[in-house]
4 protein chains.
Amino acid sequence: MTKSVAILGASGYTGAELVRLLAGHPEIEIAALSAERKAGLEMAAVFPHLRHMQLPRLARIEEIDFTGIDLCFCALPHATSQEVISGLPRDLKIVDLSADFRLRDPAAYERWYGRPHSAPEMQKEAVYGLTEFYREEIRAARLVAGTGCNAATGLYSLLPPLMAQAIDPDEIILDLKCGVSGAGRALKENLLHAELSEGWQPYAVGGAHRHLGEFDQELSKAAGQEVSVQFTPHLIPGNRGILASVYVRGEARDIHAAMTATYRDEPFLTVLPMGEVPSTHHVRGSNHVHVGVVQERRGGRATIYTVLDNLAKGSSGQALQNANLMLGLEETTGLTLAPVFP
Amino acid sequence: MTKSVAILGASGYTGAELVRLLAGHPEIEIAALSAERKAGLEMAAVFPHLRHMQLPRLARIEEIDFTGIDLCFCALPHATSQEVISGLPRDLKIVDLSADFRLRDPAAYERWYGRPHSAPEMQKEAVYGLTEFYREEIRAARLVAGTGCNAATGLYSLLPPLMAQAIDPDEIILDLKCGVSGAGRALKENLLHAELSEGWQPYAVGGAHRHLGEFDQELSKAAGQEVSVQFTPHLIPGNRGILASVYVRGEARDIHAAMTATYRDEPFLTVLPMGEVPSTHHVRGSNHVHVGVVQERRGGRATIYTVLDNLAKGSSGQALQNANLMLGLEETTGLTLAPVFP
Amino acid sequence: MTKSVAILGASGYTGAELVRLLAGHPEIEIAALSAERKAGLEMAAVFPHLRHMQLPRLARIEEIDFTGIDLCFCALPHATSQEVISGLPRDLKIVDLSADFRLRDPAAYERWYGRPHSAPEMQKEAVYGLTEFYREEIRAARLVAGTGCNAATGLYSLLPPLMAQAIDPDEIILDLKCGVSGAGRALKENLLHAELSEGWQPYAVGGAHRHLGEFDQELSKAAGQEVSVQFTPHLIPGNRGILASVYVRGEARDIHAAMTATYRDEPFLTVLPMGEVPSTHHVRGSNHVHVGVVQERRGGRATIYTVLDNLAKGSSGQALQNANLMLGLEETTGLTLAPVFP
Amino acid sequence: MTKSVAILGASGYTGAELVRLLAGHPEIEIAALSAERKAGLEMAAVFPHLRHMQLPRLARIEEIDFTGIDLCFCALPHATSQEVISGLPRDLKIVDLSADFRLRDPAAYERWYGRPHSAPEMQKEAVYGLTEFYREEIRAARLVAGTGCNAATGLYSLLPPLMAQAIDPDEIILDLKCGVSGAGRALKENLLHAELSEGWQPYAVGGAHRHLGEFDQELSKAAGQEVSVQFTPHLIPGNRGILASVYVRGEARDIHAAMTATYRDEPFLTVLPMGEVPSTHHVRGSNHVHVGVVQERRGGRATIYTVLDNLAKGSSGQALQNANLMLGLEETTGLTLAPVFP
């Protein structure tokens with residue numbers, strides 16, 4: 001039987017990506033779309049590329065009747081999300097794409113986001129949405145917190161070797177190269193084409209990026225000890241894609257073995273043959289993740305290279321994969337699109 | 001029952017795009033892939049973005065057993081295509097993506113391509129693959145000639161108003177802005193990123209572009225008189241997309257009415273409200289075409305703006321749409337992907 | 001003796017481009033820079049690429065002492081410009097980069113800009129800044145109005161053949177392909193990298209673009225009759241450059257002869273050999289203009305292709321060229337930078 | 001008195017960049033240009049952006065009369081360079097832009113380049129062209145070996161703190177993000193716009209990049225012990241620019257102090273205020289280098305971020321700076337162009 005969903009915050013890129021993916025999903029229909037400032041408009045006016053679809057008109061959240069809706073995707077800004085979600089019907093399943101429910105520890109939330117959480121009890125209830133590592137919890141969850149797109153890319157690189165004790169948890173450096181759409185549809189000078197095209201730079205340097213909260217939480221849990229990674233994102237003049245270059249201590253063959261063992265049966269994770277490296281080109285527009293492992297010339301040192309599409313597997317694709325699990329559907333439905341190249 | 005297809009010339013962009021589209025087609029399976037110089041390789045070595053698919057190894061054409069294959073896509077270079085196709089089994093349905101069978105007149109072929117046609121009898125048999133205008137012939141055809149991507153963009157702009165006598169056939173100027181992938185995977189200096197990014201220019205100027213042969217043939221037929229348009233393509237620093245700006249004489253409201261009447265029930269053609277204009281952004285990666293009509297400030301003059309994705313609706317999407325018809329399948333199967341934005 | 005200049009509106013792209021060009025000018029020093037919202041900041045904070053230069057701190061206009069300043073560049077928004085300029089000292093030479101003084105007719109100004117001009121007497125005094133056609137007037141002028149960048153590209157294409165009566169003034173279509181920086185540093189959704197990269201589209205269609213006021217004024221004057229061209233700009237995913245494809249009636253050889261005769265001794269205008277076409281790549285970052293003329297396959301029809309860099313020759317380069325004339329300096333000083341390729 | 005130079009290998013990007021820079025040099029004239037396969041052509045046919053310059057026709061090397069030529073730039077491919085240079089007149093000063101004379105140790109050359117050096121005695125004579133660290137030797141040199149563009153970016157990051165013993169020489173990781181033009185004008189599939197735009201990836205991973213030979217040589221010399229860094233370049237979809245993110249052990253304030261002390265009086269090296277980071281946008285088209293230093297959240301760890309334009313300061317700009325020194329001219333002549341932004 002067809003399931004019914006709402007998307008709150010449908011005027012941003014992750015909202016539009018959800019609609020794009022759901023366009024090919026045979027068992028889910030979109031019952032409601034919200035966008036506060038653009039309420040009243042057709043989706044085609046906000047995203048003309050979705051013009052061919054039959055979609056509900058954009059509404060304000062309070063205008064939505066949640067009766068009969070099985071699951072709600074929240075693609076709202078951070079902080080807004082927790083306010084809205086705590087007011088939604090208790091029997092509604094929720095996949096949140098914001099950062100609001102990623103951290104289980106209220107103190108960690110406050111440290112990284114600069115304010116106390118307004119719904120700490122829901123914070124505890126939320127399941128971290130990294131599907132491959134929380135699949136059973138997600139299947140049973142009412143509220144799933146989508147991961148940060150940078151965090152996902154780093155965690156896919158690090159969790160298998162860390163759990164297999166194939167790398168030193170104290171010596172991890174993550175250098176991420178991130179496409180522009182990860183910054184959202186915000187009107188900022190540095191996101192203008194004229195300012196961004198043909199140049200690149202680091203940002204949120206020196207341990208300032210909020211996704212470090214997720215890294216600390218998930219890596220410490222996996223390692224069974226406190227892990228404090230070094231992480232710098234870089235803004236690259238391309239629209240979709242994250243490439244993580246992860247510098248670690250360990251033997252490449254052990255790391256590769258851990259990757260292969262963990263991801264062997266995963267539908268969206270591909271471990272490349274030893275020594276081969278991935279490109280963001282090869283996952284663009286898809287839910288796929290490619291992971292490569294390379295031995296460095298000095299013994300005991302290796303580099304892990306991981307790519308995904310930040311809007312797909314990094315947020316909206318992951319969200320749909322989790323929603324499928326929560327709704328009792330086949331996990332990969334609507335997500336088998338091949339990457340778009342060139 | 002599942003249909004079986006072969007793709008000859010699978011190492012080019014249109015071959016890869018066919019595989020991408022077929023990845024989501026529930027009733028067609030890929031039985032064989034050819035690539036002369038790359039024979040013996042896995043498709044993943046040539047196009048790593050297709051690495052997740054189970055695909056036959058690339059073979060030389062003579063190694064392929066066509067028994068049991070229902071339809072063959074030929075994505076071979078011009079001239080090679082006619083040689084290969086004339087040697088294929090007579091009961092095999094064929095969709096040719098080259099220019100070899102687009103022109104029905106052997107003299108016109110020789111004029112535009114600089115050599116006599118080697119299979120003139122098949123040239124006569126071939127049906128021109130502009131689906132919306134040759135649907136019934138395509139359904140019954142053995143050999144369908146895919147249109148030029150530029151020609152398709154221009155013909156979608158011009159055929160409805162020309163057939164409705166809403167424009168002057170003697171006063172047509174086509175200014176096309178074309179993405180890079182239309183030039184294929186050829187190793188040419190002007191297609192290097194460093195030479196192409198951040199700049200733009202006309203090419204094949206002064207009536208030199210071979211797609212003029214198609215324009216002459218199809219527009220003259222539609223107008224019932226000889227039509228000789230003016231056409232200049234321009235190379236734009238983007239990978240997918242063609243925008244046609246078509247300058248005509250006529251009243252915008254009549255042109256818009258002709259467009260609406262012709263395309264009303266077409267699944268992939270959208271006529272924008274009067275005065276609105278399309279963007280290649282909004283059809284990228286999809287089989288959709290958007291058409292806009294604008295009145296100019298001087299009476300009796302209007303401009304038609306049409307966009308499509310040259311690799312999808314401009315070649316491989318069109319090819320699959322035609323293959324669906326030829327195989328008795330639902331015409332839109334495998335082609336309902338939403339555009340990718342951003 | 002070194003001349004002293006001020007730049008009002010130094011936080012936009014044309015302001016920054018003026019500073020870049022003046023960096024290599026041995027006879028002009030920058031005495032003052034203004035930016036209302038960013039007053040008090042160092043230029044390096046607004047444009048870090050100018051960090052190596054010794055520049056005055058950004059000030060509010062009223063804080064600037066114009067004593068000893070020979071010439072003032074106004075790179076302010078339209079409408080603001082006329083307010084500010086009418087309050088500047090009467091003995092200050094001014095090069096205005098806004099649209100405020102381009103139209104000599106107050107009624108035309110009001111029609112295109114939607115409000116009456118607040119300094120109509122200065123409007124009459126202003127000289128139109130297309131250097132090659134108004135050189136002597138500019139040399140003697142107190143106030144020069146920089147042309148629109150689109151207008152300049154079109155006028156370089158059309159003035160020589162129109163004045164030589166080599167083309168029909170009633171049959172002119174301008175199709176312009178414009179880089180992003182022409183839209184300025186405005187925070188608009190459609191100028192974001194994610195919305196603009198990899199796609200293209202027309203804008204200001206149907207005779208709505210304000211530069212038509214300039215075309216009407218200058219072309220009518222050149223032709224000695226009222227001329228009403230058709231003009232559509234298109235937004236291209238590149239930062240600098242305008243390509244005009246100008247469709248005209250006339251013989252290519254006559255047009256080419258007119259171009260050659262007019263531009264023979266011009267330092268920045270290059271007429272390509274007959275039949276060759278230019279690329280925006282080849283003028284980027286420079287004050288150069290390349291013009292090509294092509295015969296169409298139908299007799300009596302030709303196309304003119306012209307390229308320039310909108311920030312250089314299209315605005316700030318032109319402004320400096322005019323300032324050199326007004327200050328009695330060698331016209332080309334500071335403007336001989338070669339284009340940047342790749 | 002004007003100096004006279006030849007450029008061998010003028011049909012590549014570094015050759016063209018030399019011509020661009022020399023266009024603004026008042027004391028050097030270009031007496032000869034060579035290009036083997038394009039001999040006989042005008043430079044304008046190979047690089048139309050240089051069309052406005054008066055330049056000698058491209059010749060074969062053996063056609064060039066070196067009498068009266070003061071200095072020769074060799075922008076030839078590796079291996080070819082050593083053959084050609086060993087045949088040039090002994091009294092000709094030479095700036096080589098290839099890799100052929102960068103390594104002083106014949107064994108190291110053979111290890112990294114896979115063949116013995118054919119002119120080992122000249123290898124010993126050559127001075128490494130990193131101007132700021134070899135200025136006096138360069139001034140006196142007959143043969144200067146231009147550095148690798150990646151090597152330059154890394155060495156500017158590492159030499160000051162290494163010489164000041166502010167970082168641990170055993171714990172250095174270089175993650176470089178490199179623009180496309182660094183790969184030259186070679187016709188390779190992965191350099192096509194359609195393959196490169198909108199995606200990014202590592203290359204030459206696992207210690208395979210030849211610039212490691214330069215790092216080993218120069219860093220070991222500076223540290224007074226053998227240094228073996230870890231270095232991965234990544235190909236970024238932009239044409240000019242290298243960003244080095246260099247992960248080191250040490251205190252940021254000590255590193256920053258070493259940078260400031262070393263580069264205080266350097267005309268092209270800017271050390272950003274502590275904690276600020278550079279962007280390749282801000283040096284594009286110029287000879288400038290921006291260096292930033294950031295403290296990481298774990299004590300004793302810091303990151304150095306350095307940017308330059310690979311075609312300018314990374315090769316041709318450096319070459320001209322060295323040529324100025326060798327010719328007894330002011331070091332910065334012709335190199336004071338401001339960066340081009342946007």
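## Surroundings of A:T306

In this predicted model, A:T306 has contacts beyond its neighbours within four places in sequence with A:T153, A:Y156, A:S157, A:I242, A:L243, A:A244, A:P278, A:V289, A:H290 and A:V291. One of these residues, A:S157, also makes a polar contact with A:T306, side chain to side chain, at 2.8 Å.

A:T306 lies in strand β14 of chain A. Its relative accessibility is 0%, so A:T306 is classed as buried, the cut-off for that class being under 20%.

## Interface of chain A and chain D

Chain A and chain D each bring 55 residues to their contact. About 4600 Å² is buried between the two chains, and carbon and sulfur atoms account for 49% of that area. On the side of chain A, the residues that lose the most area to chain D are A:E198, A:W200 and A:R297, which together make up 19% of what that side buries.

Eight salt bridges are found across the interface of chain A and chain D. A salt bridge joins the side chains of A:K177 and D:D175, with an N to O distance of 2.7 Å.

## Elements on the side of chain A

Which elements of chain A supply at least two residues each to the side that touches chain D? The strands are β8 (173-178), β9 (201-202), β10 (230-235), β11 (242-249), β13 (289-295) and β14 (301-308), and the helices are α8 (193-196) and α9 (211-223). β11(A) gives the largest share of this side, with five residues. Sorted by class, the side of chain A that touches chain D holds 21 nonpolar, 20 polar and 14 charged residues.

## Relation of chain A to chain D

Two copies of a chain are related by a rotation about an axis and a shift along it. For chain A and chain D, the superposition takes a rotation of 180° and a shift of 0.0 Å along the axis, with an RMSD of 0.0 Å. The two copies are therefore related as by a two-fold rotation axis.

A:P237 is the residue of chain A that comes closest to the rotation axis, its C-alpha lying at 3.3 Å. Both copies use the same surface, since 100% of the contact residues of chain A recur in chain D.

## Interface of chain C and chain B

The contact of chain C with chain B involves 55 residues from chain C and 55 residues from chain B. The buried area between them is about 4600 Å², with 49% of it from carbon and sulfur atoms. C:E198, C:W200 and C:R297 contribute 19% of the area that chain C buries against chain B, more than any other three residues.

How many salt bridges are counted between chain C and chain B? The count is eight. C:R297 takes part in a salt bridge with B:D216, where the closest N and O atoms are 2.8 Å apart. Residue pairs in polar contact between chain C and chain B number 36, with both residues at pLDDT 80 or more.

Elements of chain C that each supply at least two residues of the side touching chain B include β8 (173-178), α9 (211-223), β13 (289-295) and β14 (301-308). β11(C) gives the most to that side, with five residues. By class, the side of chain C that touches chain B consists of 21 nonpolar, 20 polar and 14 charged residues.

Note on methods: Residues are numbered from 1 along each chain as its sequence is written. Chains are lettered from A and ligands numbered from 1 in the order in which they are written. This is a predicted model: local features need pLDDT of at least 70, side-chain atom pairs count only at pLDDT 80 or more; totals for chains, interfaces and linings use all residues. Side-chain values use heavy atoms; hydrogens and water are left out. Contact means heavy atoms within 4.5 Å. Buried area is the accessible area (1.4 Å probe) that two parts lose on being put together, summed over both. A salt bridge is a side-chain nitrogen of Lys or Arg within 4 Å of a carboxyl oxygen of Asp or Glu. Helices (H or I, at least four residues) and strands (E, at least two) are DSSP runs, numbered from the N terminus. Ala, Val, Leu, Ile, Met, Phe, Trp, Tyr, Cys and Pro count as nonpolar, Asp, Glu, Lys and Arg as charged, and the others, Gly among them, as polar. Copies are superposed by least squares on the C-alpha atoms of residues with pLDDT of at least 70 in both. Buried means under 20% relative accessible area, exposed over 50%, partly exposed in between (1.4 Å probe, protein chains only). A polar contact is a pair of N or O atoms within 3.5 Å; within protein, one must be able to donate a hydrogen and the other to accept it, and residues adjacent in sequence count only if both atoms are side-chain atoms.
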